[in-house]
Amino acid sequence: MTTQNQWSELNLEPIIQKVIANEFKFQYLMPVQKAAIPHFIKNYDVAVEAQTGSGKTLTFLVPLFNQFSKQKYSDHQLFGLVLSPARELAQQIYDVAKKFQNVNQAKIAFAIGGTSNEHDVKYLNEKGCNILIATPGKLRQLLDMADLQINVKTLEFLIFDEADRLMSNEYSDDIRFILSKLPKQRRTGLFSATLSSAKIHDLMKLGLRNPVQIKVNANEAMPAKLRNYYHIFENRMDKIAGLVDLIEKKCQNNKSIIFFNTCCSVVYYSIIFKQLFPNCNILSMNGQMAQKKRQKIVTNFKSTNSVILFTTDVLARGLDFDDVPLVIQFDPPQDPSFFIHRSGRTARQGRDGEAILLLEQHERGFIQFLGRSNIEMNQLDGVLLECQFQQLREKCLKIVTTDRDIIEKGKAAFISFIRSYKEHKLQILFQFNQLNIGKVAYSFFLLRIPRIKEILSKKIEFEQSQIDPNSIPFLDKNQEKQYLQKRENKDKKLEEKKIQQLPKQQVPKKQEKNIKNIKSIRKKVKQQHEQEDDEELRAEQNLVKKLKQGKITLQQFKEEMKNFDPEDLQDADYDKDDL
Ligand SMILES: Nc1ncnc2c1ncn2[C@@H]1O[C@H](COP(=O)(O)OP(=O)(O)OP(=O)(O)O)[C@@H](O)[C@H]1O
């Protein structure tokens with residue numbers, strides 16, 4: 001919603017007014033633009049909090065280019081730097097910034113993960129760069145490259161978009177490194193829809209000096225036309241059945257985004273739901289996909305009218321989807337500030353929008369929690385249980401048992417769900433011991449519950465399926481071959497190890513006769529397989545934790561991950577909001 005104030009009322013350079021009128025065709029200012037631009041063009045540092053979709057991108061780009069238009073910079077002198085936590089957001093900001101490229105023939109570039117540093121440095125050196133939009137991990141790597149010929153000491157404008165996210169532990173090493181390379185004398189701006197959680201001394205850590213703090217619509221956390229609903233289910237089995245019902249009722253012939261907390265859930269449930277709804281256009285996107293594929297999916301989603309996107313928090317912040325009427329949060333967010341950002345992918349630019357949060361009975365305290373942050377939640381009308389779970393399970397077991405790959409993906413999704421739940425940032429409201437593990441396993445349509453440490457001591461009500469998962473091959477022949485090979489190698493190694501550990505007199509002569517002994521070895525080997533799988537998954541999860549806590553860099557994380565399953569990682573990329 002714009003104000004009655006026109007862009008022409010701001011004291012901007014004529015060239016900037018021209019870009020606003022010709023490239024954007026905007027006449028009126030949005031409230032945040034009216035409130036913040038006059039301060040930012042006057043040399044003040046600013047910390048700006050304004051709702052999702054309220055026009056913050058131009059609020060920082062206009063003062064940046066306004067100042068740039070007054071100075072003469074050579075191609076290899078950096079003037080402005082915009083940091084964004086997510087790659088797709090960086091690219092989107094770049095697309096907006098490019099509209100200002102005629103301002104003093106600005107050299108504008110973006111740098112995000114997923115491309116080689118050598119390629120990026122070569123590109124920047126050849127083309128030059130005055131304005132750079134970058135993700136912190138990538139920028140840190142580039143600044144560390146000896147042959148980068150961009151002078152960053154000339155920087156005057158530094159913007160942190162989604163600043164509260166960039167201030168979190170996960171980015172602290174990268175940000176500290178980047179700040180150490182930049183001049184202290186500069187203008188700095190922080191922008192987010194959820195900045196109030198950041199403490200003043202954190203702002204100072206980012207190098208702001210007495211920033212002007214601007215909060216637009218302080219009493220309304222959400223855009224005016226965004227209606228927030230919730231529905232509470234008895235357990236997670238009902239919840240997955242409820243999602244089927246919601247998709248049937250609200251997502252067909254519509255454009256919607258469904259958020260999950262882990263990329264394994266996105267991968268797995270999108271396979272299941274694509275088969276449950278063969279006539280729906282279901283896309284899935286997560287941060288472990290190769291960058292080109294991610295970009296393709298976002299473009300595809302933007303340009304399609306009737307489509308459902310399964311995703312994680314990697315797409316929760318900043319992306320400007322202008323026509324998404326519905327957002328569903330299937331998993332409540334791991335970090336409560338993401339609730340606002342996820343919901344904010346709908347109801348942008350004054351449009352109507354609906355955001356639905358799905359909870360289990362024991363999680364209902366989250367509604368009061370949101371209420372305390374001025375977020376009005378209404379109960380969703382109609383009981384979402386028309387799709388009965390047992391019927392759904394039968395259908396889904398048929399899907400799952402067509403391919404061992406789906407079974408493995410379901411297992412991984414269950415394990416990552418359990419582990420992410422255990423690390424919920426609001427553990428007081430999302431209590432792990434309240435989770436009914438058996439019902440969680442049913443909601444992932446598992447045949448067996450994997451033995452993982454987190455649930456070993458728990459009493460679990462779950463009836464194993466009669467179908468042995470080991471009897472189901474991978475549909476993909478190469479995958480099956482690789483799997484059998486890997487298993488065989490592991491078996492061989494383990495048996496050798498076990499036999500070596502036996503008392504000498506039992507090997508090798510008695511080995512053939514001592515069938516009982518061999519059987520017990522096999523049993524132990526089998527147990528060891530399970531234990532090894534568990535240990536591998538645990539070690540992976542520990543790495544994720546270390547990365548999230550900023551104890552290791554993304555590069556170190558990738559290197560370490562290669563020890564687990566190198567062939568799975570050839571095309572993989574990681575994003576901190578999506579692990
Ligand atoms: N003055 C204006 N008049 C009309 N539309 C505008 C104006 N300024 C920005 N917009 C449009 O509003 C939409 C939302 O803007 P933007 O993406 O900058 O929001 P945001 O505040 O950064 O949201 P988020 O917090 O979700 O990142 C964009 O499509 C943008 O083109």
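Leaving aside its neighbours within four places in sequence, with which residues is valine 267 in contact?

Modeller: Valine 267 is in contact with Asn286 and Lys409, once neighbours within four places in sequence are set aside; contact means heavy atoms within 4.5 Å. This is a predicted model, in which local features need pLDDT of at least 70 and side-chain atom pairs count only at pLDDT 80 or more, while totals for chains, interfaces and linings use all residues. Residues are numbered from 1 along each chain as its sequence is written, and side-chain values use heavy atoms, with hydrogens and water left out.

Valine 267 is found in helix α11. Helices (H or I, at least four residues) and strands (E, at least two) are DSSP runs numbered from the N terminus. Because its relative accessibility is 27%, valine 267 counts as partly exposed; buried means under 20% relative accessible area, exposed over 50%, and partly exposed in between (1.4 Å probe, protein chains only).

Rings of Phe, Tyr and Trp (its six-membered ring) pair if their centres lie within 6.5 Å; planes under 30 degrees apart count as stacked, over 60 as edge-to-face and the rest as tilted. By this rule there are 32 aromatic pairs. Phenylalanine 260 and phenylalanine 330 form a tilted pair, because their planes stand at 45 degrees, with ring centres 5.3 Å apart. Phenylalanine 260 lies in the loop between β9 (255–259) and α11 (263–276) and phenylalanine 330 in the loop between β12 (326–329) and α13 (337–343), so this pair ties together parts 70 residues apart in sequence. Phenylalanine 260 is buried at a relative accessible area of 0%, and phenylalanine 330 is buried at 0%. Tyrosine 269 and phenylalanine 444 make a stacked pair, at 5.2 Å centre to centre and 25 degrees between the planes.

Valine 267 and glutamate 49 are 218 residues apart in sequence and 34 Å apart in space, C-alpha to C-alpha. Glutamate 49 belongs to strand β1 (residues 46–49) and is buried, with a relative accessible area of 9%. Not counting residues up to four places away, glutamate 49 touches Ser192, Ala193, Thr194, Leu195, Ser196, Ile214, Lys215 and Val216. Its side chain makes a polar contact with the side chain of lysine 215 at 3.1 Å. A polar contact is a pair of N or O atoms within 3.5 Å; within protein, one must be able to donate a hydrogen and the other to accept it, and residues adjacent in sequence count only if both atoms are side-chain atoms.

For the chain as a whole, the secondary structure comes to 22 helices and 14 strands. Buried residues make up 56% of the 579 residues. Among contacts between residues at least 6 apart in sequence, 77% join residues at least 24 apart.
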